Amino acid sequence: MEIVRNADLSRLTTLKVGGRADILAFPEKEEDVRDLILMSRERDVPIFILGGGSNTVFGDVRGVVLSLKNLREMEIKPFREGLLVRVGAGSPLSDLISLSVKENLEGIYRLIGFPATVGGAVSMNAGAFGVEMKDFLISVTFMDWEGKVHRVEAKELDFGYRRSPFPEKGVVLSCEVFLRKSERPILGKLNKIKELRKRTQPINMPTSGSTFKNPYPKYAGELLEKVGMKGYRVGSIAFSDLHANFLVNLGGGRFEEVVRIVKEAKRRVFEEFGIRLEEEVRIVEDSGSDGWKVL
Ligand SMILES: Cc1cc2nc3c(=O)[nH]c(=O)nc-3n(C[C@H](O)[C@H](O)[C@H](O)COP(=O)(O)OP(=O)(O)OC[C@H]3O[C@@H](n4cnc5c(N)ncnc54)[C@H](O)[C@@H]3O)c2cc1C
């Protein structure tokens, strides 16, 4: 298993902002994950589970960052009117979307356009255009913080809007999804979504996607635009001109700038509308002084 000490974290997130981690590890198999969990507990240092880094911004992590990108696998079986797919947590979500294009499968193609891993999409219950990851899940296999592996039916897990029991319950290792055959061709619909994202989101820049959750029935982007945050800049970090809820890195952006701009956005929205925006993006930093915990 590859282990890097004093690792630069900026290349591991899509916003390309980052401090350093004491230890960055790339487990290859279940036992590696267990070893790292038990080691971080024993040494009393924090641990952070990383997928594609498309919803994460790092400061310095005085602990272990565990990247699951090597836990990839895909096993496909015909099942009822579709396919049952067992997929590793580190597999790109786009592998499932490519499969859905090849086999003309319903629904999951709507999640095109963000560089998530399957584990990150389960943990965030990622969603777009009327579907969420939980809609396709049959079961989740995870390792708890004692190192024990469990397979749980998805219906027994509490998923919500951009919320799941993970990583609090443990590290998602793999999951099973059911993808139903579609009666009508999906490719045209998928291309429309791709075009819409291209027009309305800064997908060609380093970005971490939506910064805040929508305080439904309001939309975070609209509130941010009304308080002048669209295009607002702190150093090299800005809210995009295309989408007021997307942070972009204009080049060399720093963690402190992310923290400042997020604070300013929350302050303005609260003062203007009395609404406390809640971060969707995971802003991760730890001095390690509080002992073992899951970041
Ligand atoms: C251009 C762009 C567009 C986006 N559009 C959308 C959108 O439409 N809808 C949407 O929902 N999101 C969107 N996002 C945000 C992001 O892609 C999703 O939240 C995605 O699910 C994060 O996956 P990841 O693998 O990158 O997770 P990471 O950023 O690596 O991690 C996110 C969280 O999941 C946890 N985690 C990751 N893997 C595991 C695991 N195996 N076990 C337990 N916990 C784990 C991490 O600890 C962290 O808390 C967008 C992002 C970008 C950059």
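Leaving aside its neighbours within four places in sequence, which residues is Arg 151 in contact with?

Modeller: Two ground rules come with the model. Residues are numbered from 1 along each chain as its sequence is written. The model is predicted, so local features need pLDDT of at least 70, side-chain atom pairs count only at pLDDT 80 or more, and totals for chains, interfaces and linings use all residues.

Now Arg 151. Beyond those sequence neighbours, Arg 151 is in contact with Ser 139 and Thr 141. Contact means C-beta atoms, placed from the backbone, within 7 Å. Arg 151 counts as exposed because 12 C-beta neighbours lie inside 10 Å. Cys 175 is 24 residues away in sequence, yet 8.6 Å away in space, C-alpha to C-alpha.

Arg 151 sits in strand S10. Strands (E, at least two residues) and helices (H or I, at least four) are DSSP runs, numbered from the N terminus. S10 (residues 149-153) runs antiparallel to S9 (residues 137-143), with 5 bridges joining them. Strands pair if DSSP finds at least two bridges between them.

S9 leads us to helix H1. S9 is among the elements that cover the buried residues of H1, including also S2 (20-26) and S11 (171-180). H1 (residues 30-42) has 13 residues and reaches 18 Å from first C-alpha to last, close to the 18 Å expected at 1.5 Å a residue. That expected span is 1.5 Å times one less than the number of residues. Val 33, Leu 36, Ile 37 and Ser 40 are the buried residues of H1. They share one side of H1, because they cover an arc of only 100° around the axis. The arc uses the directions from the helix axis to the C-beta atoms. Glu 31 and Glu 42 are exposed, on the face turned away from the buried side. After H1 comes Asp 44, with a positive phi near 65°.

Last, the domains. The chain is divided into domain 1 (2-70), domain 2 (74-180) and domain 3 (212-279), with bounds from an automatic or database domain assignment. The C-alpha centres of domain 1 and domain 2 are 21 Å apart. Their contact takes 14 residues from domain 1 and 16 residues from domain 2. On the domain 1 side, H1 gives the largest share, 5 residues.

Conventions:
Buried ≥ 20, exposed ≤ 12 C-beta atoms within 10 Å, placed from the backbone. Contact = placed C-beta atoms within 7 Å.
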